[in-house]
Amino acid sequence: MKNTKTRQIVYNYITQCTEPVSANIIFCALKRQGITLSTIYRTLSTFVDNNIISKMEDTNGVALYYIQHDLHSHFLECTGCHKRVKIDFCPYHEIKKQIEKQSGFVLSDDHILYGVCNDCNKKQSSN
């Protein structure tokens with residue numbers, strides 16, 4: 001894979017992000033540098049294909065991209081406000097094995113666990 005100026009700019013931006021970002025967010029941040037949305041999509045696709053970044057989808061089906069610093073990571077996403085929080089431990093694989101064994105289902109390797117954050121839970125309780 002050739003290291004171009006545009007790829008370096010996109011890579012540098014993603015490494016500074018603390019949570020997964022969409023192509024549109026990257027575009028909004030980098031459009032002043034003359035990088036088009038289609039170029040961002042091609043760059044992200046190349047990065048994913050070469051295992052430089054990871055891709056996942058949020059609850060709305062929007063593709064999100066992030067640098068996988070660890071060998072493995074997961075995120076919690078609130079279904080109310082869509083806030084994302086990275087968790088530093090992985091209980092997923094043991095639970096996944098148990099669920100698959102008991103149910104016969106084959107689960108996807110989704111890296112997002114969905115729920116409701118404390119703030120949204122308080123708002124729902126007060127209504």
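## The buried side of H2

Ala 23, Ile 26 and Leu 30 are buried in helix H2, residues 23-30. Because their arc around the axis is only 65°, they lie on the same side of H2. Buried means under 20% relative accessible area, exposed over 50%, and partly exposed in between, with a 1.4 Å probe and protein chains only. The arc is taken from the directions from the helix axis to the C-beta atoms. Helices (H or I, at least four residues) and strands (E, at least two) are DSSP runs, numbered from the N terminus.

This is a predicted model: local features need pLDDT of at least 70, side-chain atom pairs count only at pLDDT 80 or more, and totals for chains, interfaces and linings use all residues. Residues are numbered from 1 along each chain as its sequence is written, and side-chain values use heavy atoms, without hydrogens and water.

## What H2 packs against

The buried residues of H2 pack against helix H1 (5-16), helix H3 (37-49) and strand S2 (63-66). Towards H3, the H2 residues Ala 23, Asn 24, Ile 26 and Phe 27 meet Leu 37, Ile 40, Tyr 41 and Leu 44. Contact means heavy atoms within 4.5 Å.

## Arg 84

Arg 84 sits in strand S4, residues 84-87. Arg 84 counts as buried because its relative accessibility is 13%. Its side chain makes a polar contact with the side chain of Glu 19, at 3.2 Å. A polar contact is a pair of N or O atoms within 3.5 Å; within protein, one must be able to donate a hydrogen and the other to accept it, and residues adjacent in sequence count only if both atoms are side-chain atoms.

Leaving aside neighbours within four places in sequence, Arg 84 is in contact with Glu 19, Pro 20, Asp 58, Leu 64, Leu 76 and Glu 77.
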